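Please take some time with the sequence and the model below before reading on.

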Amino acid sequence: SQNGRLELNTHLNRKISEKWSTGLFIHLNQRNKKIDNNTDGFLDTPLSNQVNILNRLQYIDPLKGWVIFYNLRFLNDQKQTGQFSFNPNIDKNSSIIWGSEIKTKRFDTALKIGYVFPEHPYKSFGLQTAYSDHDQKAYFGLRNYDIFHESFYSNLLYNSILNNTNNKFKSGLNFSLDKYVENIDNEYFSRTDKNFGAFFEWSHDNIDNLSLTAGMRIDFNNNIGTFITPRLHLRYAYNTTTVIRLSSGTGRKASNIFAENQSIFGSNRRIYIEKGNNPFYGLLHEKAWNFGASISKSFTLFNKSANLVFDYYITRFNNQVIVDLEEEGRVSFYNLNGSSSAKSFQLSFDVDLTPQLQFKSAYKNDIVSIDYKSGTKQKQLVPKNRVFANLSWKSLKSINDKQWLYDITIHHIGNQRLVSNSSNNGISQSPSYSILNMQLTRVFSNSSEVYVGMENFGNYTQINPIISSELPFNANFDSSQVWAPVLGRMIYAGFRYKF
């Protein structure tokens, strides 16, 4: 691409025998070109190197009912960012030139074994296991953040029916183990989460127009205790063109406050945690209820096939860890004292204008309201309104499979609330903006194609995205308040070839 990114994706698949097959997936990318188009002295995009290799092994015996999947993956990812003149060999942890490196090594493997009873295809059992080892070492100027996470997961499943195939059930037992060791500015945090759970899910389908799924699980967690989690899903086909869906459920989560908010390390904000007598950094675990509805309608518009979908979902938090950036130079983590909710409405419309021309569009409204200590506010950097539109065209294939493909997409991002700082002159929200992307593809045959594209056609960028970029070791320095693209117009090209 124009900004110096090189990328290689290779998929190698081989059928070893009638029942065994394997696949090797390789992804490599590199960016070694330094870019500072806004001349603030900082890189507009990180320098990066990544190697990502995945091997899959698959066994399928449809006559005997056995299925086996085994995955093995390795990831090595390195990123460098900071000031344009930063050299990690010389300036690492320098108090004169600000720079950052994030080095991640990850290994994970997963095994799935399933058996379907040949004489009773509605009856099956399965075993799922997974293990991962994630090791990240990073520094941000004079700050450091290292995390080692080791995880094991196992799940035993059994599926069958109750009286008839209109009433099916799933049941299972699962166990998970997670170990965390974190180093934040030479302060260590460590914990082990052990969870044993059992669940039962019943689904009813009257085939014609109604399906219902109701589930319940019980978990025994060493840090949370014993808790029950229900969920309910309903699908009703009012007629052949109208479908109504309803859902509700609850969930709990241990908030990993540093891993989930690593952008705070790209600032000099002081970290404060209001610790209680709880195992998650002294904070309570999170708990929320969610419920929502969806209506989809297929119809004919000017003799063209069209589809309209309404979605509305609400999440209400009983417990939540608040990430409070409202005070300049400070980030505070504390438990919710009040109310917090996320209300999401989405309207999407698709139509096939011609056999070669399709139009897709969507509007989304997000109201994420949180009771901070300073008052009730929309979550920072979350736009209330988004609009998406896509037009795709494809030519008819010729006898030798040659074809043109063209795609144009517009994203409109509405205003976002900004936290106050000394350099924004009291501005409380970002302006809205639009991004236009397009791509043209030439298909020469079933085995080869070439493409060229352009992102951010209008060259829209955020002016001065880094607060106090001229004083990176000042208390007000903050590179986490980015609400728009930093890179401008970008042109890329590539080709695909199938052997």
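Predicted model: local features only at pLDDT ≥ 70, side-chain atom pairs only at ≥ 80, totals over all residues.

A residue is called buried when its relative accessible area is under 20%, exposed when that area is over 50%, and partly exposed in between. D185 is found in the loop between strand 8 and strand 9, the latter covering residues 187–205. Most residues other than glycine have a negative phi. N459 is another case, with a positive phi of about 60 degrees although N459 is not a glycine. This residue lies in the loop between strand 24 and strand 25, and N459 is partly exposed as well, with a relative accessible area of 38%.

With these terms in hand, we can turn to the chain as a whole. The protein chain contains one helix and 25 strands, and its C-alpha atoms fill a box of roughly 75 × 65 × 50 Å along the principal axes. For 499 residues, a compact globule would have a radius of gyration near 23 Å, and the 26 Å of this chain agrees with that. Of the 499 residues, 38% count as buried, while the accessible surface of the chain comes to about 27600 Å², with 57% of it belonging to carbon and sulfur atoms. Among the contacts with a separation of 6 or more, 58% are made by residues 24 or more positions apart.

Where do the nonpolar side chains gather? In soluble globular proteins, such side chains tend to be buried together. The largest nonpolar core of this model has 24 residues, and those with the most contacts inside it are Y145, I257, F258, F265 and F333. Strand 6 (124–140), strand 7 and strand 17 are the elements that give two or more residues to this core. Leaving out residues up to four places away in sequence, F333 touches a list of residues that includes I257, F258, I264, I271, L283 and V321, together with N261 and E274. A second, separate core of six residues includes L418, I435, W483 and A484. Two of these names return when we look at S430, which has contacts with G414, N415, Q416, L418 and W483 once its neighbours within four places in sequence are set aside. S430 lies in the loop between strand 22 (403–413) and strand 23 (433–445), and S430 is buried because its relative accessible area is 1%, which is under 20%.

Nonpolar residues are also found at the surface. L127, F152, L156, L173, F175, F196 and F220 form a nonpolar patch there, with about 590 Å² of accessible area together. Strand 7 (143–162) and strand 8 (164–184) are the elements that give two or more residues to this patch. L156, one of its members, is placed in strand 7 and is partly exposed, with a relative accessible area of 45%.

Side chains of opposite charge can pair when their charged atoms come close. The structure holds 18 salt bridges, and in one of them the side chains of R269 and D478 meet at 2.9 Å, N to O. R269 lies in the loop between strand 12 (242–253) and strand 13 (270–273), whereas D478 lies in the loop between strand 24 (448–455) and strand 25 (490–497), so the pair ties together parts that are 209 residues apart in sequence. Both R269 and D478 are buried.

K377 forms a salt bridge with E326, and their closest N and O atoms are 3.1 Å apart. This pair also links distant parts of the chain, 51 residues apart, with K377 in strand 20 (residues 375–378) and E326 in the loop between strand 16 (321–324) and strand 17 (330–335). K377 is partly exposed at 23% relative accessibility, whereas E326 is buried at 13%. In a further salt bridge, the side chains of K364 and D366 meet at 4.0 Å, N to O; K364 is partly exposed, with a relative accessible area of 29%, and D366 is buried at 13%. Finally, salt bridges that share partners join R73, R106 and D108 into one network.

Notes. Residues numbered from 1 in each chain as written. Heavy atoms only, no water. Patch = residues over 30% accessible without salt bridge, like charges linked within 9 Å, V, L, I, M, F, W, Y side chains within 5 Å. Areas by Shrake-Rupley, 256 points an atom, 1.4 Å probe, with all protein chains shown as cover. Helix = DSSP H or I, 4+ residues; strand = E, 2+ residues; numbered from the N terminus. Buried < 20%, exposed > 50% of the residue type's maximum accessible area, 1.4 Å probe, protein only. Core = buried A, V, L, I, M, F, W, Y, C linked by side-chain atoms within 4.5 Å. Contact = heavy atoms within 4.5 Å. Rg over C-alpha atoms; globule rule 2.2 N^0.38 Å.
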